[in-house]
Amino acid sequence: MITVALYATDTMADWEYGYLIAGLTMAREQNPDANRLLVASESGEAVTTMGGLRITPDVALADLPPVDALILPGAGTWESANEAALKLAAELVAAGTPVAAICGATYGLARTGLLDDRPHTSNAAEFLTQAAKYRGAEHYREEKAVSDGTVITAGATAPIEFAKLVFERLDVFPQPIIDAWYGLYTTGERRFYDQLTGA
């Protein structure tokens with residue numbers, strides 16, 4: 001079983017992690033031992049999302065058990081906060097454990113130097129250059145989502161591509177299921193639904 005940690009912080013963007021956690025749940029429905037999702041906030045206290053949803057985490061970051069992946073959603077706090085989450089991200093990346101960041105969370109990774117030497121993306125190249133310690137502009141890719149095998153990044157408008165790369169990196173589903181899932185949510189075509197339910 002793999003353990004996936006979703007970092008929860010105030011103003012986190014609801015749409016950026018929804019497809020991902022729904023997909024992880026779908027995998028658990030097929031195989032209860034497929035994965036475990038833990039929601040962690042910096043202090044363990046409840047947070048309020050951008051959409052006004054109140055989320056009570058399972059655990060504080062300091063009490064988080066070993067994880068196989070860390071998910072960092074965007075929020076309005078990444079320019080100057082979330083230091084404990086960024087420290088954990090750096091430790092995980094150094095150990096080769098996947099860290100997936102979307103939207104504002106990519107700014108957090110940029111300001112800690114985690115994007116300086118690897119291909120990555122974000123909301124826009126100019127968004128990341130505002131981070132004082134960012135030195136990775138030459139590695140920026142104009143793509144919806146990018147993975148270098150350890151760090152996965154995406155812009156705010158690419159939650160489906162973001163989820164797909166996480167599913168692939170963690171082997172959550174066989175590739176044909178991931179492809180059918182991606183086809184369904186990007187095109188809405190019935191054939192992908194049939195492929196997904198048939199699989």
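**Notes on helix packing**

1. Helices α6 and α7 are roughly antiparallel to each other, because angles over 145 degrees count as such, with under 35 called roughly parallel, 65 to 115 roughly perpendicular and the rest oblique. The axes of α6 (residues 175-187) and α7 (residues 190-198) cross at roughly 150 degrees and come within 8 Å. Axes are lines fitted to C-alpha atoms, for helices over the stretch in contact, and angles run from 0 to 180 degrees between N-to-C directions. Helices (H or I, at least four residues) and strands (E, at least two) are DSSP runs, numbered from the N terminus.

2. This is a predicted model, in which local features need pLDDT of at least 70 and side-chain atom pairs count only at pLDDT 80 or more, while totals for chains, interfaces and linings use all residues. Residues are numbered from 1 along each chain as its sequence is written, and side-chain values use heavy atoms, with hydrogens and water left out.

3. On the α6 side, the contact with α7 (heavy atoms within 4.5 Å) is made by Ile177, Asp179, Ala180, Trp181, Gly183, Leu184 and Thr187, and on the α7 side by Phe192, Tyr193, Gln195 and Leu196. By class, seven of these residues are nonpolar, three polar and one charged. Ala, Val, Leu, Ile, Met, Phe, Trp, Tyr, Cys and Pro count as nonpolar, Asp, Glu, Lys and Arg as charged, and the others, Gly among them, as polar.

4. Helix α5 (residues 159-170) packs against α6 at about 175 degrees, with the axes 11 Å apart. This pair is therefore also roughly antiparallel. From α5, Ile160, Glu161, Ala163, Lys164, Phe167 and Glu168 meet Gln175, Ile178, Asp179, Trp181, Tyr182, Tyr185 and Thr186 of α6. The contact has seven nonpolar, two polar and four charged residues.

5. The axes of α2 (residues 83-94) and α3 (residues 104-111) come within 10 Å and cross at roughly 70 degrees, which means that α2 is roughly perpendicular to α3. Glu83, Leu86 and Ala89 of α2 touch Gly108, Leu109 and Arg111 of α3. Three of these residues are nonpolar, one is polar and two are charged.

6. There are seven aromatic pairs (ring centres of Phe, Tyr and Trp, its six-membered ring, within 6.5 Å; planes under 30 degrees apart stacked, over 60 edge-to-face, the rest tilted). One of them, Tyr19 with Trp181, has centres 6.3 Å apart and planes at 85 degrees, so the pair is edge-to-face. Tyr19 lies in α1 (residues 14-30) and Trp181 in α6, so the pair ties together parts 162 residues apart in sequence.
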